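Good morning, and thank you for making the time.

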Amino acid sequence: MHALMMNTPLMISSILKHAERNFPEVEMVSVTVDQSRHRQNNRAFASRCRQLANVLESLGAGFGDRIGTLAWNDFRHMELYYAVSGSGMVCHTINPKLFPEQVAYIINHAEDKILFVDVLVVPLLEALKDHLKQVETIVVLTDKSHMPESSLTNLQCYEELLDAHPDTYEWPQFDENTACGMCYTSGTTGNPKGVVYSHRSTVLHALAGALPDVTGASNMQTSLPVVPMFHVNAWGAPYAALMVGTKLVLPGPKMADGETLHDLMTSEQVTVSSGVPTIWMALLDYLEGNQKTVPSLSRVHVGGAACPRVIIERFREQHDCEVVQGWGMTETSPLGTVYAMKRGMEGFSEEEVTDLQLLQGRGVFGIEMRIVDENNSELPWDGSASGALKVKGPWVAKGYYGLSDVPGHEECPVDKDGWFNTGDVAAITPDGFLQITDRTKDVIKSGGEWISSIEIENAAVNHPDIAEAAVIGRYHPKWTERPLLIAVAQPGKSLQKSAVLEFLTDKLHKMALPDDVVFTDELPHTATGKINKLGLRETYKGYKFPDA
Ligand code: ADP
């Protein structure tokens, strides 16, 4: 029997329409390259989105065309999110911090027709202009007075284009499985691969993201997403916020700048913020160094990499702020798991709660997960068995742009049974808390045993004089591979190998104790702020253990 319910397609434009009607006065505050503090409400925002849809049409873009963005978090990037997708085109966000060759590869692979770019990105495009094959127009996200001098001949000014177009536009309705957005994964191996989101997956992801035990987004909250809009849709904040009427505060290019973040948080009374661990370390150091606090901030979301214990403790003890860790990836939109307390845990000590916050959180409805051994047999959720993590759900990728999406095909990340292989190694506790122990390619295989590089790194960064640490496996004649710890000292501190190893002795299994510790001034990071293990493996290619 067929149900008798409306089959209303899940459209991104419906979020915009809802926000304009229900939360017209809610503000969106941005820092941009040309303005230190820009404010507009949702009414003005929706009107400008309609103008932008007309601009896109006037530039010759049509249904399904890819429109690239190279921009930081601000109101103009938000307008692109809604106007491009809302009119049936594909909003292709590109990370401007990638290597120029990667940026060119990604733009060409997606066949972007128009690029919308921040002023700061213009020099990059000048350098790439002979390599961009399909790009017809480049629109600079600024007003006339801030337009840069440039050798590019196809530059247009965003505000001038908007001013020239009316704000009347009817958002079209179409199949909810139509592509709305694209984001390439950083490609730590091989070329970057394009993940293609749909209206359906994005709206469902935003609904799940707004649940109380996920982000608890609401009209009463003010949210500062420090996670970039060029990477996995800023974890869905641009959609979830407008869905429930959250006030958005967008930091523009001042992402890792402690002073700007503190200023925005206090003056705009930010209640919740999200970002990778590196951002939080920078903010905490700034606050401590300048004896400042962030009284309005009650919750910080952290993900993208394992959250060190010190971040959780410092936020709680110095700022009375809860840290909520989540796990996800570009291919999972990114929401997979998020920390939330469970019944029965009310009486837990601070120490016990911190131990749980250090795990990657519990599965969100919509995401099914499983861990499997080398034979693809499912492993128990007992907190100790660890294996390859696989997931499935309506906002998980089933293939990459331009590659085969036939399950089981070598180009497809989905196995024959329909599970997406995350490339992470994990255990799951009986309570359903995920614990990422490593990425498959970072696991150290020592004498037949698997050693988690993350476990050693987590233990090492708890040393008061270690600022950052990374562990890679290096060749060892007896064990095949052994862990090498590479550490950066806190400013003004010096480290001794013997003292570091002694510190780790009672915190790690004997097998996991690194065979050597080397010190460096700086670790390499990927464009998304993660430690670049590939780069480290390259740097320490010829390294030999002292006993080898
Ligand atoms: P990439 O860095 O490959 O471009 P993503 O940004 O999508 O890709 O990163 C996804 C990966 O980041 C996950 O597969 C996982 O290894 C890691 N990750 C994400 N969140 C966490 C977390 N909370 N703890 C540990 N690792 C995490």
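What follows is a short tour of this model.

A word on the basis first: this is a predicted model, in which local features need pLDDT of at least 70 and side-chain atom pairs count only at pLDDT 80 or more, while totals for chains, interfaces and linings use all residues. Residues are numbered from 1 along each chain as its sequence is written, and side-chain values use heavy atoms, with hydrogens and water left out.

Let me begin with the chain as a whole. Its C-alpha trace spans about 70 × 65 × 55 Å along the principal axes. For 548 residues a compact globule would have a radius of gyration near 24 Å, and the 24 Å of this chain agrees with that; the radius is taken over C-alpha atoms, and the globule rule is 2.2 Å times the number of residues to the power 0.38. Buried residues make up 57% of the 548, where buried means under 20% relative accessible area, exposed means over 50% and partly exposed lies in between, computed with a 1.4 Å probe on protein chains only. The secondary structure comes to 15 helices and 25 strands, and these are DSSP runs numbered from the N terminus, with helices being H or I of at least four residues and strands being E of at least two.

Now to strand β12, residues 272–275, which is covered on both faces: Val-272 and Ser-274 on one side, and Ser-273 and Gly-275 on the other, are all buried. Two strands pair, in the sense used here, if DSSP finds at least two bridges between them. Strand β10, residues 222–225, runs parallel to β12 and is joined to it by three bridges, with Leu-224 having Ser-273 as its bridge partner. Strand β13, residues 299–302, is also parallel to β12, with four bridges between them, and here Val-272 stands opposite Arg-299. From β12 the chain crosses through helix α10, residues 277–289, to β13, in a right-handed β-α-β crossover; right-handed means that, with the strands pointing away from the viewer, the path from the first strand over the helix to the second runs clockwise.

Strand β23, residues 466–476, runs antiparallel to β24 through ten bridges, and the two form a hairpin with three residues between them; Ile-466, for instance, stands opposite Ala-489. Four bridges join β24 to the parallel strand β25, residues 516–519, where Ile-486 stands opposite Val-518. With helix α14, residues 497–505, β24 and β25 make a right-handed β-α-β unit.

Next, the backbone. Most residues other than glycine have a negative phi, and most peptide bonds are trans. A cis peptide bond, with omega about 10 degrees, joins Ser-333 and Pro-334, and Pro-334 sits in the loop between β14 (322–328) and β15 (335–338).

On a 1 Å grid over the protein atoms alone, a cavity is a set of points where a 1.4 Å probe fits but cannot get out, whereas a pocket is an open set with protein on both sides within 12 Å along at least five of seven lines, and lining residues have an atom within 4 Å of a point. Grid points are joined across faces, edges and corners, and a volume is the space filled by probe spheres set on the points.

Of its 14 lining residues, the closest to the centre are Asn-95, Leu-98, Tyr-184, Phe-230 and His-231.

The second largest pocket holds about 810 Å³. Of the 32 residues that line this pocket, Gln-435, Thr-437, Ser-452, Ile-454 and Glu-455 are the closest to its centre.

Thank you; I am happy to go back to any of these regions.
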